[in-house]
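Please keep the sequence and the structure in view while reading.

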Amino acid sequence: MKRFLIAAALIAATTLSQARDSVPMVEPGRTTITNIDGRTPGVELMRKSIVEGSAKRGWRPGKEEPGRIELVYTKDNGRIECVIAVAYDADSLQMSYVSSRELGYEVKDGVPQIHPNYNKWLPSLTKDIQAAARR
């Protein structure tokens, strides 16, 4: 009985911690990507830059269709997962949330909330993709 109460207390503390840590989700706007010459990379190089740039931080490609690729990030042996969609064309991309596990995602008063790390990951990912396009 004592073990059960301890386990229940830990679960409750974790759940409250995740809810408390959630912040409003920031979805980045459409971002123009250029190569080292300042020109747009084209669709094929854009896709390649997304895959290569995202791999630098441990994101891997998921579902894919022309002009859209899902990127999947997992942590703690798959316990934490984040899936985003990257819509792209010859000169720009836009990232959007698809799903997550253990990131405290919820919609509160019509505003999506998520763990603050999500809001840090996407700008870093954009910079890595930009860097890959400039190689």
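## A helix residue and the sheet beside it

Serine 54 is buried, because its relative accessible area is 0%, which is under the 20% limit for that term. The model described here is predicted. Serine 54 belongs to helix α2, which covers residues 43–55. Apart from neighbours within four places in sequence, serine 54 has contacts with Ser49, Trp59, Leu71, Leu125 and Ile129.

Valine 51 also has its place in helix α2. When residues up to four places away in sequence are not counted, valine 51 touches Pro61 and Ile69. Between valine 51 and leucine 71 there are 8.4 Å in space, C-alpha to C-alpha, although the two are 20 residues apart in sequence.

The sheet is open and has five strands in the order β2-β6-β5-β4-β3, with antiparallel pairing. Strands β2 (31–32) and β3 stand at the edges with a single partner strand each, so one side of each has no neighbour in the sheet.

| Strand pair | Bridges | Bridge partners |
|---|---|---|
| β3 (residues 60–65) and β4 (residues 68–75) | Four bridges | glutamate 64 and isoleucine 69 |
| β5 (residues 80–88) and β6 (residues 92–101) | Eight bridges | alanine 85 and serine 96 |

β3 and β4 form a hairpin with two residues between them, and glycine 67 in the turn has a positive phi of about 80 degrees.

Helix α2 lies across β3, β4, β5 and β6, and runs at about 165 degrees to β5. Helix α3 (residues 116–133) packs on the sheet as well, where it touches β2, β4, β5 and β6. The direction of α3 makes about 140 degrees with that of β6.

Terms used: Residues numbered from 1 in each chain as written. Predicted model: local features only at pLDDT ≥ 70, side-chain atom pairs only at ≥ 80, totals over all residues. Heavy atoms only, no water. Buried < 20%, exposed > 50% of the residue type's maximum accessible area, 1.4 Å probe, protein only. Contact = heavy atoms within 4.5 Å. Pairing = 2+ DSSP bridges. Axes fitted to C-alpha atoms, helices over the stretch in contact; angles between N-to-C directions.
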